[in-house]
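This briefing goes through one chain and its ligands by topic. Please look at the model first.

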Amino acid sequence: MWRKTQVFGFAAFVWLIVLFVGLEVPAQTSGTLESGQQFDASQAFGPGDVKEGYESADYQTQSRSLLSRRGLKQDLIQIVENPPLGLPAVAFPADNPITRAKIDLGRLLFFDRRLSINNTVSCANCHIPEQGFTNNEISTAVGVEGRLVIRNAPTLYNVAYLQHIFLDGREISLENQVWQPITARNEMAAPSIGYVINKIKRISDYDGLFEAAFDGRSADIATVGYALASYQRTLLSADSPFDRWYFGRNEDAVNESVKRGFAVFAGKGQCSVCHQINEDYALFIDHQFHNTGLGYAVSTGKKDAQIKKSTRVQLAPGVFVDMPNETIQSVSRVESFNDLGLYRVTENPADRWKFRTQTLRNVALTAPYMHNGQFATLREVIDFYDQGGIPNELLSPFIRPLGLTESEKIDLERFLESLTGQNVPQIVADAFAAQIGELSKDDPNWAHQNTLGF
Ligand code: HEC
Ligand code: HEC
C-alpha cells in the first residue's frame with residue numbers, strides 16, 4: 001500500500017510543479033503573425049521552466065518566474081476560417097457558427113480554474129498550451145487533489161476535425177464533450193452541470209459576456225459547450241515543414257532524411273493505412289479504432305516486460321541510468337487498469353482494446369504517447385510498431401513485424417518530427433495572453449462564504 005501512496009504523492013508533486021513552475025519550451029521558437037509580421041516566440045515563451053540542455057552535465061537553469069511571461073492575443077477566427085497549409089476547411093455545426101465573441105468567451109472558460117470544485121484545475125492544467133495542449137510531464141493525467149485519470153491527455157490541436165471524441169469515441173461533438181472533464185470526479189470534479197452554471201453566473205468576469213455572444217442567452221448547458229468548442233476549434237496547427245514540401249511542393253522545406261522517412265511511412269511501414277494522407281490535406285487519422293495490443297498487454301499484466309525491457313531515466317543534468325522496467329513497476333501504481341477502449345462504448349467483445357487513431361501532427365510536442373502514455377519517445381513508438389505491436393487474438397491485421405533497418409527508423413523519426421506546425425508559436429502566444437481565472441475576493445466561493453445559493 002505504501003507504494004501506491006508514494007506514487008500517488010509523486011504524481012501530485014509533479015502536478016504541483018506543472019501548476020506552478022513546469023512549463024516546457026517547444027522546439028519551435030518563431031513564426032509569422034497573421035499580419036505577416038515575424039514573431040519572436042522567445043518574447044512570449046521567455047519565463048517558465050526552461051529545460052533546454054538538461055541532458056548535458058553543463059546545464060544551467062534559465063528558468064524564470066511565470067509572472068513575467070508575456071503573450072500576444074491573436075485573431076484566432078482568421079486561423080479557423082483559413083486553415084493553415086495541409087488542413088481542410090473546418091465544418092461548423094449548424095447550431096454553433098463561429099464568432100469572435102464565442103472564441104473569446106471559450107478562451108476565458110478554458111483557462112478558468114474556478115470551473116473545478118476547488119477552484120484549482122482548468123482545462124489548461126492537463127492540456128498545457130506550450131506542451132502541445134497535452135502534458136509532457138506525466139503519462140496519465142492527474143485531476144483535482146492529485147486524483148488519477150486512466151488515460152493520457154491527448155493534444156487539442158486539430159480537434160476541430162474529429163468525428164469521434166475521446167480515445168474510445170464515446171462523445172459525438174466538442175460541444176457535448178466539455179461536461180465530461182468538468183464533472184468527472186477525478187478531473188475537475190464539479191458535482192453537477194447546474195452547479196457550474198450557477199457558479200459562472202455569479203462570477204463577475206462573465207457579466208454580460210454570454211448574453212453578448214449568444215443573443216441575450218446566458219450561461220447554460222448548451223452555451224458553455226458552444227463557447228468552449230468554439231475556442232478549441234480554432235486550435236488548428238499545420239503548415240509544417242512536411243506540408244511545405246508535400247503540399248507546397250517546396251523541395252527545400254525538408255531534408256533527404258525526412259523524405260526517406262515519408263517513403264517508409266507510406267510504404268514499408270504501412271503507417272498511412274491508419275494515419276491517412278489525402279490528396280490535398282492530411283489529418284493523419286482514419287476516424288477508426290484499432291487494436292495495437294497495447295491495451296491487451298496492460299490488461300493481462302504482461303505489460304512492460306513484453307513492451308520494453310528498460311527505460312532510460314535521467315536523474316540530474318547529464319546523469320542517466322537504464323532502469324529495468326521491473327524496478328520501475330515495483331514502485332508504480334499497483335492496480336493495472338483493464339482499459340477496454342471502444343468496448344466500453346459498444347460492449348462488443350470484438351472491440352476490446354481498440355483505440356481511436358491519434359493524429360501525428362505536432363507529435364514531436366505531445367510526448368508521452370498512446371492512450372496510456374506508455375512510450376516516452378517517438379523512437380519507442382517506432383520500435384513498438386516494428387516488433388508488430390503485441391500479438392493477441394484481436395490485433396489489427398495492419399500491425400505486424402516490419403523489419404525496419406536502423407536507418408529507416410531514424411528517417412521515420414525525422415519524418416514525424418517534420419510535422420510540427422509553423423503556427424504553433426502563434427497559438428501559444430495567444431494562450432499566454434489569456435486571462436487566468438483564479439479565485440478572487442469577489443468570487444462566490446471565496447473563503448467558503450457559500451453565496452452560491454446552496
Ligand atoms: C485532469 C486532466 C484533464 C482536464 C482538467 C481536462 N482534460 Fe481534456 N482530456 C484529458 C484526458 C485524459 C483525455 C482523454 C480521455 C479519454 O479519451 O477518455 C482528454 C480528452 C479531451 C478531448 C478529446 C480529445 C480527443 O482526441 O478525442 C477534448 C476535446 C478535451 N479533452 C478538452 C478538454 C476541455 C475543454 C477541458 C476543460 C473543460 C478539459 N479537456 C479538461 C484530460 C483532461
Ligand atoms: C492499424 C492502424 C495503425 C497503423 C498501421 C499505425 N498506427 Fe499509429 N496509431 C494507431 C492508433 C489506433 C493509435 C492510438 C493508440 C493508443 O492510443 O493506444 C496510434 C498512435 C500512434 C502514435 C502516438 C500518437 C500520440 O499522440 O500518442 C504514433 C507516434 C504513431 N501511432 C505512429 C505510427 C507509425 C510511425 C506507424 C507506422 C510504423 C503507425 N503509427 C502505424 C493506429 C495505427
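Which are the buried residues of α19? They are Val424, Pro425, Gln426, Ile427, Val428, Ala429, Asp430, Ala431 and Phe432. A residue is buried if 20 or more other C-beta atoms lie within 10 Å of its own, exposed if 12 or fewer, and partly exposed in between, with C-beta atoms placed from the backbone. This is a predicted model: local features need pLDDT of at least 70, side-chain atom pairs count only at pLDDT 80 or more, and totals for chains, interfaces and linings use all residues. Residues are numbered from 1 along each chain as its sequence is written, while chains are lettered from A and ligands numbered from 1 in the order in which they are written.

**Chain overview**

- The chain has 19 helices and 6 strands; these are DSSP runs numbered from the N terminus, with helices being H or I of at least four residues and strands being E of at least two.
- Of the 454 residues in the chain, 42% are buried.
- Contacts in the chain between residues at least 6 apart in sequence join residues at least 24 apart in 70% of cases; a contact requires C-beta atoms, placed from the backbone, within 7 Å.

**Burial by element**

- Helix α19 (residues 424-432) has 9 of its 9 residues buried, so it is largely enclosed by the rest of the structure.
- Strand β5 (residues 319-324) is hardly covered, with a count of 0 buried residues among its 6.
- Strand β4 is hardly covered as well, the count being 0 among its 7 residues.

- β4 (residues 310-316) and β5 pair in the antiparallel sense over 6 bridges; two strands pair if DSSP finds at least two bridges between them.
- Ala316 stands opposite Val319 in β5.
- The two strands form a hairpin with 2 residues between them, and Gly318 in the turn has a positive phi of about 80 degrees.

**Surroundings of ligand 1**

- Ligand 1 is surrounded by 27 residues, of which Cys123, Cys126, Gly143, Leu167 and Pro181 are the closest; a residue is near a molecule if its C-beta atom, placed from the backbone, lies within 6 Å of it.
- At least two residues of this shell come from each of α5 (123-126), α6 (174-177), α7 (179-183) and α10 (221-233).
- α5 gives the most to the shell, with 3 residues.
- By class the shell has 19 nonpolar, 5 polar and 3 charged residues. Ala, Val, Leu, Ile, Met, Phe, Trp, Tyr, Cys and Pro count as nonpolar, Asp, Glu, Lys and Arg as charged, and the others, Gly among them, as polar.

**Packing of α4 on α10**

- Helix α4 (residues 100-110) packs with α10 at an angle of about 95 degrees, the axes being 7 Å apart. Axes are lines fitted to C-alpha atoms, for helices over the stretch in contact, and angles run from 0 to 180 degrees between N-to-C directions.
- That makes α4 roughly perpendicular to α10, a term for angles of 65 to 115 degrees, where under 35 is roughly parallel, over 145 roughly antiparallel and the rest oblique.
- The residues of this contact comprise 9 nonpolar, 3 polar and 2 charged.
- On the α4 side they include Leu105 and Phe110, and on the α10 side Leu228 and Tyr231.

**Backbone in the loop between β6 and α17**

- Most residues other than glycine have a negative phi, and most peptide bonds are trans.
- Pro368, placed in the loop between β6 (355-356) and α17, is joined to Ala367 by a cis peptide bond with omega of about -5 degrees.
- Asn362 lies in the loop between β6 and α17 and has a positive phi of about 60 degrees although it is not a glycine. Asn362 counts as buried, with 22 C-beta neighbours inside 10 Å.
- Met370, also found in the loop between β6 and α17, has a positive phi near 80 degrees. With 19 C-beta neighbours inside 10 Å, Met370 counts as partly exposed.

Conventions: Contact = placed C-beta atoms within 7 Å.
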